[in-house]
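Reader: I have a structure open here and would enjoy walking through it with you. Shall we take it one question at a time?

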Amino acid sequence: MSLDAAADPTTAPARPAAAMPANARPVPYRGGGFKVRRFRLVSPLVFIVLIGLWELGSRSGVINSIALPAPSEAFSAFQDLVRSGMLWTHLGASLYRLTVGWLFGSLLGVGVGLAIGLFSLARAGLLPIVSALFPIPKIALLPLFIVWFGIGEGSKVATILFGTFFPTVIATYGGVDNVDRNLIRMGQSFGLSWLSIVRKIIIPGALPAILSGFRISASIAIVLLVAAEMIGAQYGIGAYILMAGALFATDQLIAGVAILSVLGLTVSWAIGKAEQFFLSWRA
Amino acid sequence: MDIVIDKVSHRYGQTEVLDDISFELKAGEIVCIIGPSGCGKSTLLRFIGGLEKPTAGQVLVAGEPPAGSLNPLTYVFQDFALLPWRSVEGNVSLVLEDHGIRGDRARAIIEDVLRRTKLLDFRKALPRQLSGGMKQRVAIARALSVNPAVMLMDEPLSALDSQTRELLLDDLIELWTRERFSACYVTHNLAEAVRLGHKIIVLSRRPGRIRQIVEIDIALAERAERGAELEQTQRHLWNLMREEARAADMELSDVA
């Protein structure tokens, strides 16, 4: 470092780098990385490449068409389904069960979850029951549900209802427990009524947890839907897949599974939209 | 409206938190409570606001709150306690809704308090978009909207950086000069205490007892210019507290 540069600091930065030592070099850059970047085109590309390879493999005979039918075959099975009009029969039956089961399961779940979160007595009484029943695979109860609610829609809706009820309860009361106590104290300090505190502070505060509970319960609902439809249903995506499996119509089986995948994606997209709408206050 | 704190003592289980605290809070007066951490200052404030009950003694209210006071004892919290899902005006209207104030009347009040706290341009903003100082101004606007007789301020400036703190301190002094609200102001910052307090109550370490009540006669508006005199008071306060603060710092905290 030269002396005159130190003596006049105001001009120092403007000077050319004449006084730089001979072996000066930039500090090696070690930052960067570990950051999620968005590649919009990659995910469709992966799908296209994968399906393309699959199709190519089937056409060239590398992939046995009995073991795994070509995507084009699955697609034509799907087109048959559309043309015959059966798609709407199956999809309609499935969507009805899914909607009714999930809707009532979630409504009841949020209600019971709020009760557990808000009232100590409800917590003491209901939480052990919830904890005991939550881990039971609901599909194991299907025979019982058939006895109780009949072989028709009742037992299938009940399976989905019970399956979505418990995770919703747990998400909801967890959300209520996690609401900032200081916000509640603030409400009390301004003399807000109990109902106002619940409506304007606790429920909005628990909403993020409730919505992520919905995400989980919706995928559980789809799994249970197919399982329930595989046991004694005439129509429905699950029944269609089961039938295709029994006839070794693997092209139809793949088509049915693809419909389920699209159904799952649609539900998760819808919940994502709901989160964007209700939780826009989060960063 | 005056508040009388009458021989208040409190214990959590085996731990004595406060011991025989008595003082008076007169209308139009700011009382600052200072003390080392864990001396029960915030607990004392919760007793005054009726959010908790002391094990012994009582907090009394003398006289009627001013007409039109919706919530005579109103808090301002250290962490602002704003609802993140409500905008600035929504946060203010929250505390009006329960008093049945809606529509035009609410709008008029909201506009008035936001103007007084210089927030009128930010009425639609969400808390996450605001700086710490602005958030606390929203909280102060919310407190003003219910027309409090006494503001209970629990370290309102402690979560802010020092420049913002200075700005907000000036705002508070200006506000007091205009409106003469009364306040109980809990802080661990001695500079804030000597700038704002008419009366400064120094608490000792746990169990909190009153060590001294220091009164400052200089008008709030003049204090910024009379730094030397305040400096002296501040040093006096610090001498009262130093040993205790050191001891409090070395203590293991086993009480929440």
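Reader: In what order do the 6 strands of the open sheet in chain B lie?

Author: Happy to start there, keeping in mind that this is a predicted model. The pairing in this open sheet of chain B is mixed. Neighbouring strands are turned by 15 degrees against each other on average, direction ignored. Reading across the sheet, the order is 5-6-7-3-8-9.

Reader: Which strands of chain B stand at the edges of this sheet?

Author: An edge strand here has a single partner strand, so one side of it is left without a neighbour in the sheet. In chain B that describes strand 5 (73-76) and strand 9 (210-215).

Reader: Which residues have the most contacts inside the largest nonpolar core?

Author: This core has 116 residues, and helix 9 (residues 194-230) of chain A gives the most to it, with 14 residues. Both domain 1 and domain 2 of chain B supply at least three residues each. Beyond its neighbours within four places in sequence, C184(B) touches residues including L25(B), V31(B) and V150(B). The residues with the most contacts inside the core are C32(B) and C184(B).

Reader: How many Å separate the centres of domain 1 and domain 2 of chain B?

Author: The domain assignment gives domain 1 as 2-65 + 153-250 and domain 2 as 85-148. In their contact, 7 residues of domain 1 meet 4 residues of domain 2. Taken over C-alpha atoms, the separation of the centres is 26 Å.

Notes. Residues are numbered from 1 along each chain as its sequence is written. Chains are lettered from A and ligands numbered from 1 in the order in which they are written. This is a predicted model: local features need pLDDT of at least 70, side-chain atom pairs count only at pLDDT 80 or more; totals for chains, interfaces and linings use all residues. A nonpolar core is a set of buried Ala, Val, Leu, Ile, Met, Phe, Trp, Tyr and Cys residues joined through C-beta atoms within 7 Å. A residue is buried if 20 or more other C-beta atoms lie within 10 Å of its own, exposed if 12 or fewer, and partly exposed in between; C-beta atoms are placed from the backbone. Helices (H or I, at least four residues) and strands (E, at least two) are DSSP runs, numbered from the N terminus. Domain bounds come from an automatic or database domain assignment. Two residues are in contact if their C-beta atoms, placed from the backbone, lie within 7 Å. Two strands pair if DSSP finds at least two bridges between them. Axes are lines fitted to C-alpha atoms, for helices over the stretch in contact, and angles run from 0 to 180 degrees between N-to-C directions.
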